[in-house]
Each structure stands twice: as C-alpha cells, then as structure tokens.
Amino acid sequence: MRKSDDQAEGGTESVETGTPRAGEKTGRITAELNIDQLKYLSSDADDPRMHAILSVRVDGTGGVGRPDGPVLAQVLAVDCSSSMTWPVEKLHAAQQAAVAAIRKLPDGTPFAVVRGSERADMVYPDTPRMAQASARTRARAERAVQGLVAGGGTCIGAWLDLSRRLLTEQDAPIGHVLLLTDGKNQHDEEMPLARVLENCAGRFVCDAWGIGDGWDGQELLRITRRLHGTASSVREEAALPAEYEQVMSRLLTKTVPEVVISVTPMPGGAVRYLKQVFPTEAELTAQEGTGRFVTRAWGDETRRYQLCLSADPVGRPHGEDLQLAVVAVDVPGGEVRLPPPQPCLVHWTDNPALSQHTDAQVDHFERHRRLGEAIAAAADAHRRGQRELAEHQLGRAAQLAHAMGAAEQLRRLARLVRIDDAEAGRVALLPEVAPVDFEHLIAASSRSTFGPESGSGADGAAGAEPGGGATVACPACRAKAPQAARFCPACRHPFEERR
C-alpha cells in the first residue's frame, strides 16, 4: 500500500515484530525492524555497494507520558523582517498561527516565542529563558505575539542559535522549533547558517514553513534535512493557523525521544551512509567512532532508511550468503520490546542475471531522489530565464513521479505544467507560472511515498524474501537468521553443527 505525500507521518503497514532479547524488560511500546535488499553483487564491479531499505516502526506510544516532567519543549520562531509588512495579512496570519500553537501546549510544557529579523529577540518571556505553559502564561504569550511589529532583515542562523540556547537549558527529552519565514537568509554573514546547523544538529527537531512569495525552498530543505524536520508552505496566508494546529497535534503524539539504529559491519564491509527516506528526507550522522545513528521524536509511526555499505569481494567466498553487516534498533532509557538484530547480506556472483537487479524499494527511493534533483534543476533554469530547460526538467520529474505512482506529486506538478504524457515525460510549462510556485514544489519534494510492499523485488524479482533469502530460527534464541548464515546475528550462536 502506498501513501500520499500529504499524509501524516507513520502509517498502518504491519512490520514483523521481533522477540524480546534475552533478559530485557518487555514494555507496552514495541519497536520493529525489517530489512529489504537484493543480496547479489558482481565480484567484477569497480566499487561494489550494497543498498538496503530499513523499515523501523514504533507502536504503543499513545498516552505514554513522562512521570517526572513534560516530554516536549517548544520554541516558536516568527519572521518579523520588514517584508512581513506586505501584504498586511501575512504578519496577521503569522501571529494567529503562533497563538494557535501556544493554545495547544499542555500545562507544564516549556515554551518560548522568538522574534526573527537580522537578529533574534525574545518575545515571550522577555528574557532569554522559557516559560512553563499554564492558562496565565499562555494568555501573556498571546498578548505579546499580538504586539509583534515587523522590521529589519533576515538571519535565520541567529533565530536557530537562540532557540538552541533556550532548549539546552531544558530537561524535556524532545526539543522542537517551529520556524516561519517569508524571505531568504540575506544576513548570513552575521551568523552563518552552516555553522549554526552543525551546532544544532541532534539537539532538537525543526519544522520550517514558507509564507508569501520571497522564501527559498532549498534553504528550508537544508534546515529540515539537517534537523530532522519537515519543510512546508502555504499558498494562502489564512491557511497558516490551521496548519500550525495540525503540526502541534501531531507533535504532541510523539513521546519517544529517540530511537538508535546501530550498523555493525562484518569483515569486508563498511558503512557508506544511512539516511532517512520516508516520510521525509533527513541526514543522519553516526556518533563519532561508532555505527550508532540517533533518530529523534517518535510517535506511533513507520520510517524508512536507506543503508549503503561498501563491500570487498577479495578473499570472500563466492556462491553463498555472507553477512555484510548486522543492524539493530534500540530505544535508550525505555522499557521497550525490541526486535532482534537483522543481517544485511551479500552474495558474490559472476552471474549478471542475478547481480543486475535492484531491489524495488531501493529503486523507489532512488527515483524519489532523482525527482527532487529534477525539480531543483527546473527551478534554477526558470530563475535564469531558460524556460525550455525548465520544461524539460519538469517533464523528467513527471516521468519519475508516474513511474513511482506518486499521484500527489503529479498533482503538484500540474500547477506548473500541462501534463500531456506523464509516462513519456511530455509536458508544457504554463504561461502564468510564478517563481514562488517552484519554491512550493521544492519544499514538498522532501516528502516521499511509502514505496512498494515489503519484500517485493524489481525487474522480475518480485517475491524475494526480506533480507535477501530464506530464514531459519536460531536454536539458541529463536531469532531469525539467514538459512546460509554461519552464526546467529542476534546471539552469535554458531550454525556449523547443523549443516
């Protein structure tokens, strides 16, 4: 089952639940892991790489609070640069949206409102600290927000840096920034965004919104991919308050602060990268010196990650399944039912009929990546006045969206082009297209569809087993292991004696 680009995070797809590890406590929350790949690689390849899609699901988080304090700490960063003065509805919508978000905050939630211009200033409280949500503080914050006045430039790095300093002082496990801007980051020299994002990464999640017609979609994606949030936008200012209400409603369902994905390469393997590809794209960086990748702020949801491993065939057996890496999921500090570690396999072969195929899920998300690149290239071409090149790139985007079955992406593309033949990529750029239409399309391009069913293959390889082959139960711990594995990936029990 595929999902629309506009649907909320997570979903109802079932992923096989693992058994508890020996000696672990079993809580009401469960974490699940599934790996999809095609295991065959050519031993003659110049730079052999194994790609796999990891599906991670968390269930049972609803109503799970934190006994010693709030789960969430919230900062609202509101663009108040001079461009927010026109049209007058823009600043009004920003104020109403911030008020709508404040009203959703449960009592006791630390929160603050930041005014953004070429610098960052406190709106509420009036000193650099966070207030605790209550009827009194929410009312005071609303009055402060209604008194916002626009003026000045735009330095998004300053807004995020102040947000980081505010959230650092809180012990709520989930920090979140809801950022709104109507312009480009024109004062970056005051506080470079690249440096700020490096300092903020892993400390909080940031959702970024564009309003009006002067913001930069690529800039929003740069922020949200690094800070594991979502880039969004509104075409009509009046729609923003309702969108903020929905964002806060979804956010308040997230009660698991972090899920750690660990990738342990076997001899002959090395991790090239791990990145989130569903429901939005996000960059992941391993903790220094480890194969541990931390993901933030989970509710009941499924996320998918693309794992890329280097593989070296030298000295490795051919014609049999080998463990290239072991993947595990952990939820630090929680009583969570964890899945057993799962193997990522490689099977070296000289048969091109086996090695030339690509896993259907890997192919799906690779197409989505190329779709985003085509949209960005179209926007650049249109900005330079190269309408024919922009039309060509949008045709390529339509072709990719059609191949993925991404109906929502095709609907968005139809705002910019007349689609004559999506399969062939034949489109015609509409004459009334405005530059901001491309920015809306860029922001939405970070949201992906779920992809093919688990275990499906591409190019005639449908029905392949998840993990790349048949599995058996380990006689020691009952975890699943590849039929040809030499030892159990969960408990390391050797399998030689059963052959």
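Modeller: We'll go through a helix, some ring pairs and a few strands.

Biologist: Is this an experimental or a predicted model?

Modeller: This is a predicted model.

Biologist: Okay, helix α1. Which residues does it cover, and what length should it span?

Modeller: Helix α1 runs over residues 88-104, which is 17 residues. At 1.5 Å a residue, it should span 24 Å. Its end C-alpha atoms are 25 Å apart, so the two values agree.

Biologist: Which residues of α1 are buried?

Modeller: The buried ones are Lys90, Leu91, Ala93, Ala94, Gln95, Ala97, Ala98, Val99, Ala100, Ala101 and Ile102.

Biologist: And what covers them?

Modeller: The cover includes strands β4 (72-79), β5 (110-116) and β8 (174-181). Helices α2 (135-146) and α6 (240-251) are also part of it.

Biologist: Let's pick Ala97. Buried or exposed?

Modeller: Buried. Ala97 has a relative accessible area of 0%, and the cut-off for buried is under 20%.

Biologist: What does Ala97 touch?

Modeller: Leaving out residues up to four places away in sequence, Ala97 touches Leu240, Pro241 and Tyr244. Take Pro241: its C-alpha is 3.8 Å from that of Ala97, yet the two residues are 144 apart in sequence.

Biologist: Switching to rings. How many aromatic pairs are there in the whole structure?

Modeller: A search of the whole structure finds three. One of them is Phe111 with Tyr124. Their ring centres are 5.8 Å apart and their planes are at 25°. Planes under 30 degrees apart count as stacked, so this pair is stacked.

Biologist: Where do Phe111 and Tyr124 sit?

Modeller: Phe111 lies in strand β5, and Tyr124 lies in strand β6 (residues 120-124). The pair therefore ties together parts that are 13 residues apart in sequence.

Biologist: Are those two residues buried or exposed?

Modeller: Phe111 counts as buried, at 1% relative accessibility. Tyr124 counts as buried too, at 12%.

Biologist: Give me another pair.

Modeller: Phe278 and Phe450 form an edge-to-face pair. Centre to centre they are 5.1 Å apart, with 90° between the planes. This pair links distant parts of the chain, 172 residues apart. Phe278 is in strand β12 (residues 269-278). Phe450 is in the loop between α11 (435-444) and β21 (471-473).

Biologist: How buried are they?

Modeller: Phe278 is buried, with a relative accessible area of 3%. Phe450 is buried as well, at 4%.

Biologist: Which arginines lie over ring faces?

Modeller: Arg304 lies over the face of Phe450, at 3.7 Å from the ring centre. Arg303 lies over the face of Trp298, at 3.9 Å from the ring centre.

Biologist: Phe278 was in β12. Which sheet is that strand part of?

Modeller: It belongs to an open sheet of six strands, in the order β13-β12-β15-β3-β1-β17. The pairing is mixed. The edge strands are β13 (282-283) and β17 (336-337), and each pairs on one side only.

Biologist: What holds strands together in a sheet, anyway?

Modeller: Strands of a sheet pair through backbone hydrogen bonds, either parallel or antiparallel.

Biologist: So how does β12 pair with β15?

Modeller: They run antiparallel, joined by eight bridges. Phe278 stands opposite Arg304 in β15. That is the arginine over the face of Phe450.

Biologist: And β12 with β13?

Modeller: Antiparallel as well, with two bridges. Gln276 stands opposite Ala282 in β13. A hairpin of three residues joins the strands.

Biologist: Last one: strand β16. Mostly covered or uncovered?

Modeller: Mostly covered. Strand β16 (residues 322-330) has eight of its nine residues buried.

Biologist: Which strands join β16?

Modeller: Strand β11 (residues 256-265) joins β16 through six bridges, running antiparallel. There, Pro265 has Ala325 as its bridge partner. Strand β18 (residues 342-349) is joined to β16 by five bridges, also antiparallel. Leu322 partners Val346 in β18.

Notes
Residues numbered from 1 in each chain as written. Predicted model: local features only at pLDDT ≥ 70, side-chain atom pairs only at ≥ 80, totals over all residues. Heavy atoms only, no water. Helix = DSSP H or I, 4+ residues; strand = E, 2+ residues; numbered from the N terminus. Expected span 1.5 Å × (residues − 1). Buried < 20%, exposed > 50% of the residue type's maximum accessible area, 1.4 Å probe, protein only. Contact = heavy atoms within 4.5 Å. Phe/Tyr/Trp six-rings, centres within 6.5 Å; stacked < 30°, edge-to-face > 60°. Lys NZ or Arg CZ within 6 Å of the ring centre and 35° of its normal. Pairing = 2+ DSSP bridges.
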